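Biologist: I am new to this structure and would like to learn how to read it. Could we go through it feature by feature?

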Amino acid sequence: MFRNQYDNDVTTWSPQGRLHQLEYAMEAVKQGSAAVGIKNKTHAVLVSVKRSPSELSEYFKKTFEIDEHVGITIAGLSADARTLSRFMQTECMNHKWGLDVPLPVNRLVTMVGDRMQKSTIGYGRRPFGVGLLIAGHDESGPHIYQLEPSSNFYDCKGQAIGARSQSARTYLEKHLDKFPDTNLQELIRHSLRALRDCLPAEAELNSKNLCLSIVGENTKFTTYENEAVKEYLQLLDDEDMTDTENLPSVPAEDPKPAEGDKPEASMETA
């Protein structure tokens, strides 16, 4: 039995109980640029690295505002993300028009999950090749959700998706207990530290490739890019300067005697 006998359609199960096209869609998320989401008791923060296909073109859009209280950042195919973002925006508008209150974040995630799942049970369709980090704030507080192409979703304290995101997840797991009680400035700093760990050695975060979004209590979903993100990058610069100042001092070497000076006799014998 060959693998390609069972990956021609998303409705075909392999003898091992796997849907290969879903696994291919999950790989598309791993090829996307990294994105990180974390939250404290009052706010949720999304940060992501933008990519440019060439030096002659603009960076891909990574973050989409869905409503005043919720937004998403993506890893994977941007075209699929635009389709899902329009669906989510429509659902939020319909709910607000009918009930005059914002759509709760968990209901929105459930609805978009159901929308993605329809593409995995019908013949002639393919899964959405994009993963989402959804940040929002409602009556129950701030939320970070991860949504996979398989339509599984998870309510997270912090999460990272995309290329080399394991380094960010390791950082988040290490500092997870600090997030609930930290202030917004420290929360942003933690998110930038985690995202920085996802970059290759020759790359660095700057105002061109960084996208930062904040939502929370009395704070509408706001995205900062280009010049607006420089003040937040300064948080990392200040941290690096502090770390340098805290390094242990190296004792100075004793000056070498001049050529005319007679060295003192040594206590050691050959």
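Biologist: Which strands form the open sheet, and in what order?

Modeller: A word on the source: this is a predicted model, where local features need pLDDT of at least 70 and side-chain atom pairs count only at pLDDT 80 or more, while totals for chains, interfaces and linings use all residues. Residues are numbered from 1 along each chain as its sequence is written, and side-chain values use heavy atoms, with hydrogens and water left out. Strands (E, at least two residues) and helices (H or I, at least four) are DSSP runs numbered from the N terminus, and two strands pair if DSSP finds at least two bridges between them. Here five strands form an open sheet in the order β8-β1-β2-β9-β10, with antiparallel pairing. β8 (158–161) and β10 (219–225) are at the edges with a single partner strand each, so one side of each has no neighbour in the sheet. From one strand to the next, the twist averages 10°.

Biologist: How many bridges join β2 to β9?

Modeller: Seven bridges join β2 to β9 (residues 210–216), and the two run antiparallel. Leu210 in β9 is the bridge partner of Val49. Helix α5 (residues 184–196) packs on the sheet and touches β1, β2 and β9. Contact means heavy atoms within 4.5 Å. The direction of α5 makes about 30° with that of β2; axes are lines fitted to C-alpha atoms, for helices over the stretch in contact, and angles run from 0 to 180 degrees between N-to-C directions.

Biologist: Is Ser48 buried or exposed?

Modeller: Buried means under 20% relative accessible area, exposed over 50%, and partly exposed in between (1.4 Å probe, protein chains only). Ser48, in strand β2 (residues 43–49), has a relative accessible area of 1% and is buried. Its side chain makes a polar contact with the side chain of Thr73 (3.4 Å). A polar contact is a pair of N or O atoms within 3.5 Å; within protein, one must be able to donate a hydrogen and the other to accept it, and residues adjacent in sequence count only if both atoms are side-chain atoms.

Biologist: Which residues of β5 lie on each side?

Modeller: In a regular strand the side chains alternate between the two faces of the sheet. In β5, Val130, Leu132, Ile134, Gly136 and Asp138 are on one side, and Gly131, Leu133, Ala135 and His137 on the other; all are buried. Nine of the nine residues of β5 (residues 130–138) are buried, so the strand is largely enclosed by the rest of the structure.
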